[in-house]
Amino acid sequence: RGHNNKQGNSKMALKRNDLRGVQPILTVLQSKAIGSLFTKIRDKDTTSIEFVSYSKRLMRLLAEEAIAHLPTTPHTVTTPTSSPYHGHLSITDTNPSSVCAVSIIRAGDSLLESVREIVPGVRVGKLWIQRNESSEGKEAVHSCTKLPKGVGDMDVLLCDPMLATGGSSIAALRILVEEYNVDQKRIVFANVICCPEGLEAVSKEFPEIKIVTCWVDEELNEDKYIVPGLGDYGDRFFNTV
């Protein structure tokens with residue numbers, strides 16, 4: 001048993017070391033609140049109502065962090081004590097219509113709503129991309145795109161709660177970058193949970209985007225699911241389990 005634990009720890013260390021190549025573009029959210037929230041949404045016995053409640057709390061933290069990675073400008077205000085405060089404002093404060101939040105339907109819509117609660121004036125785009133669950137490779141299948149005019153000149157916040165193989169994310173990024181001419185450097189990809197394999201795949205093809213996540217799990221299993229994971233995010237959030 002001790003030998004097996006040692007093997008498991010070594011495997012885990014190897015997976016974590018794989019992240020070194022994506023560190024420049026990766027931000028893992030730091031908050032003491034995350035531990036208990038993840039414990040609830042990972043639990044297979046958590047009801048859909050509970051899953052929605054706890055995941056919304058988590059996605060609010062994530063959305064705030066992801067928005068903070070968008071461009072800012074210096075801004076000075078006067079406090080109630082008549083003192084100047086030299087701070088900054090997000091582009092979502094000064095020009096929200098120049099930002100497009102793009103969801104990868106269906107699960108991405110849950111995170112999109114957290115973004116819209118914070119920035120009601122944000123532009124919205126939708127990409128219908130799903131994994132082909134009947135195939136061994138679980139490749140991404142794209143069926144529909146709806147993006148605002150001029151998205152190529154906007155800062156983009158890509159929303160998808162899970163980054164597993166990276167197939168759907170890469171498909172979405174290819175559409176944004178190659179078909180709509182969005183600058184990689186102006187894309188922030190927000191996800192609730194991911195794994196080293198997905199991070200490596202995305203960062204290899206799109207090394208200049210920013211990735212903001214709440215949690216990096218251990219790995220993908222042989223069925224291409226994140227483990228220990230939390231199940232199908234969209235099914236659990238929208239109660240279609």
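Helices here are DSSP runs of H or I with at least four residues, and strands are E runs of at least two, numbered from the N terminus. The model is a predicted one: local features need pLDDT of at least 70 and side-chain atom pairs pLDDT 80 or more, while totals for chains, interfaces and linings use all residues. Residue numbers start from 1 along each chain as its sequence is written, and side-chain values use heavy atoms, with hydrogens and water left out.

**View 1. Helix 6 against helix 7.** The axes of helix 6 (residues 167–179) and helix 7 (residues 196–205) come within 10 Å and cross at roughly 15 degrees. That makes the two roughly parallel (angles under 35 degrees). Axes are lines fitted to C-alpha atoms over the stretch in contact, with angles from 0 to 180 degrees between N-to-C directions.

**View 2. Who touches whom between these helices.** Helix 6 brings Ser169, Ile170, Leu173, Arg174 and Glu178, and helix 7 answers with Ala201, Val202 and Glu205. Contact means heavy atoms within 4.5 Å.

**View 3. The largest nonpolar core.** Such a core is a set of buried Ala, Val, Leu, Ile, Met, Phe, Trp, Tyr and Cys residues joined through side-chain atoms within 4.5 Å; buried means under 20% relative accessible area (1.4 Å probe, protein chains only). Of its 37 residues, Phe38, Leu58, Leu62, Leu157, Val192 and Tyr233 touch the most other members. Helix 3 gives the most, with eight residues.

**View 4. Around Leu62.** Leaving out residues up to four places away in sequence, Leu62 touches Leu29, Leu111, Ala190, Asn191, Val192, Val212, Thr213 and Cys214.

Key: Angles under 35 degrees count as roughly parallel, over 145 as roughly antiparallel, 65 to 115 as roughly perpendicular and the rest as oblique. Buried means under 20% relative accessible area, exposed over 50%, partly exposed in between (1.4 Å probe, protein chains only).
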